[in-house]
Amino acid sequence: MHGMSDLGKVYVRTFGCQMNVYDTEKIYAFLQDRYVPAASEEEADLIILNTCSIREKAEQKVYSLLGRIKPLKETNPGILVGVGGCVAQQEGEKIMKRSPLVDLVFGTHNLDELPALLDERIHSGKKVCRVIGDSDSVPTAEAPRVPGRAGPASLLTIMKGCDNWCSYCVVPLVRGREISRPAGRILDEASDLIQRGVRELTLLGQNVNSYRDPGSGSGFVELLRKIDALPGLKRLRFVTSHPKDFSRELACAMAELPRVCEHIHLPVQAGSDTVLTAMRRGYSASRYLEKVRLLRSLIPEVEFTTDIIVGFPGETRQDFQRTLELIREVRYQNAFSFRFSPRPGTAASEMDDPVKDSEKKSWLPELQAVQNLITAEKHQDMVGRVVEILVEGFDRKRSGLLEGRTRTNYIVHFQGDPSLVGQIVTVRVTRSRSIHLEGEMPV
Ligand code: 5AD
Ligand code: SF4
């Protein structure tokens with residue numbers, strides 16, 4: 001374990017949708033080298049509001065909570081306050097203007113940069129705002145905006161909660177049982193979003209494969225077919241799929257449905273069967289790999305991303321090596337990897353761990369080095385190809401560049417007219433970078 005004394009405490013307040021619960025877990029994981037979770041805002045050195053704009057009145061809730069944090073910060077000016085999530089994604093710097101106590105604003109695609117952004121805030125003394133895909137570097141009049149939405153790609157929650165009780169996971173405790181939204185409501189919302197300019201939908205749920213329409217009892221594949229058929233929609237994605245529930249039927253639907261993209265996030269968590277059993281994941285590594293092979297046989301260009309936990313209680317070096325073998329076999333486009341952290345109330349937080357922390361310490365960077373190499377090779381393979389991307393917004397770092405994504409989930413930056421936001425364009429990939437590709441439009 002860490003020496004607790006040198007670590008600060010972070011409290012992440014989660015608003016709204018399912019995705020945020022998921023993102024909150026990621027925020028804790030990305031910060032775990034410096035902060036341990038606090039029980040409340042009152043005892044935290046870093047307070048993060050993980051906001052959600054899918055729910056009604058989310059914005060007011062955020063500002064009213066900021067109002068309640070104000071006295072805390074007045075008594076202890078050392079407290080840092082960050083705002084992330086969907087409201088941050090949409091509002092960007094406006095949040096800091098309206099609420100001067102906010103130190104840091106970060107978008108939904110910037111979670112992995114949090115430690116670096118906090119460093120920047122601490123060392124520069126200036127407030128920091130980092131939102132990928134916002135448009136404040138170009139005149140807004142030129143940028144077609146979807147009213148009330150962040151851009152041409154939108155999230156749509158189809159279910160909440162989780163009944164899986166993976167032994168490390170706090171989601172079932174905080175979100176309770178699985179509840180699916182009525183298919184009719186989802187379809188209405190999807191149509192409405194498309195009408196307002198959304199071109200790509202990502203269906204959200206902790207475990208989308210166990211979606212059931214409460215009225216008819218029909219499942220996820222049927223919902224996917226219905227949404228795929230909506231006129232005006234160009235692309236369809238969904239997260240998260242639990243590998244144990246990922247069916248042949250769904251694989252076939254992905255291959256067959258024209259709008260469903262050739263990318264799947266399939267969290268494997270570990271490559272050792274002993275660890276997978278202790279995690280209560282309900283599949284073995286070989287069953288997982290069978291599903292990967294099935295998808296590749298049906299959709300040759302499909303790309304996989306995953307989540308991995310390293311250093312689960314009792315995990316040995318041998319177990320860990322199985323995870324390395326698995327990532328080499330699957331060749332993920334990208335992997336979100338986390339060191340195991342005991343979350344209060346979970347079964348895994350009670351498990352003994354005979355394996356020393358000093359032994360495990362190097363595993364996460366080791367795994368990340370292996371994955372980074374695979375990602376780099378995959379990016380390099382893309383150079384020279386002509387790809388179709390949906391232009392989602394702007395690259396904030398180098399103002400003027402547009403940012404889009406291939407159906408297979410590669411991010412591409414390129415020079416182009418802001419009016420292209422929301423359109424599907426063809427670009428040639430010219431250069432590979434660590435997290436994105438660079439491209440150009442043919443003249
Ligand atoms: N420790 C480390 N990582 C965790 N995750 C969930 N719970 C924990 C935990 N206790 C990771 C899983 C999950 C992702 C959202 O966060 O990999 O898929
Ligand atoms: Fe947590 Fe497992 Fe449910 Fe995912 S499937 S939310 S990891 S309990």
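Guide: Helices (H or I, at least four residues) and strands (E, at least two) are DSSP runs, numbered from the N terminus. This is a predicted model, in which local features need pLDDT of at least 70 and side-chain atom pairs count only at pLDDT 80 or more, while totals for chains, interfaces and linings use all residues. Residues are numbered from 1 along each chain as its sequence is written, chains are lettered from A and ligands numbered from 1 in the order in which they are written, and side-chain values use heavy atoms, without hydrogens and water.

Visitor: What confidence does the chain carry?
Guide: The average pLDDT (the predictor's confidence in each residue, from 0 to 100) is 87, and 90% of the residues score at least 70. Over residues 133-150, however, the pLDDT is below 50, although this stretch has 34 contacts (heavy atoms within 4.5 Å) beyond near neighbours in sequence.

Visitor: Why is Arg 405 called buried?
Guide: Buried means under 20% relative accessible area, exposed over 50%, and partly exposed in between (1.4 Å probe, protein chains only). Arg 405 has 14%, and is therefore buried. It belongs to strand S16 (residues 401-406), and its contacts more than four places away in sequence include His 109, Glu 388 and Tyr 410.

Visitor: What makes the buried residues of H9 lie on the same side?
Guide: The buried residues of H9 (residues 248-256) are Leu 250, Ala 251, Ala 253 and Met 254. They cover an arc (from the directions between the helix axis and the C-beta atoms) of only 160°, which is why they are on the same side of H9. Arg 248, Glu 249 and Glu 256 are exposed on the other side.

Visitor: Against what do the buried residues of H9 pack?
Guide: They pack against helix H8, strands S11 and S12, and helix H11. The buried residues of H11 in turn pack against H9, S12, H10, S13 and H12.

Visitor: Which residues come nearest to ligand 1?
Guide: Of the 10 residues around ligand 1 (a heavy atom within 4 Å), Tyr 168, Gln 269, Asp 307, Ser 341 and Arg 343 come nearest.

Visitor: How far is the side chain of Asp 307 from an oxygen atom of ligand 1?
Guide: A side-chain N or O atom of Asp 307 is 2.7 Å from that oxygen atom.

Definitions and conventions:
Polar contact = N/O pair within 3.5 Å; in protein donor to acceptor, adjacent residues only side chain to side chain.
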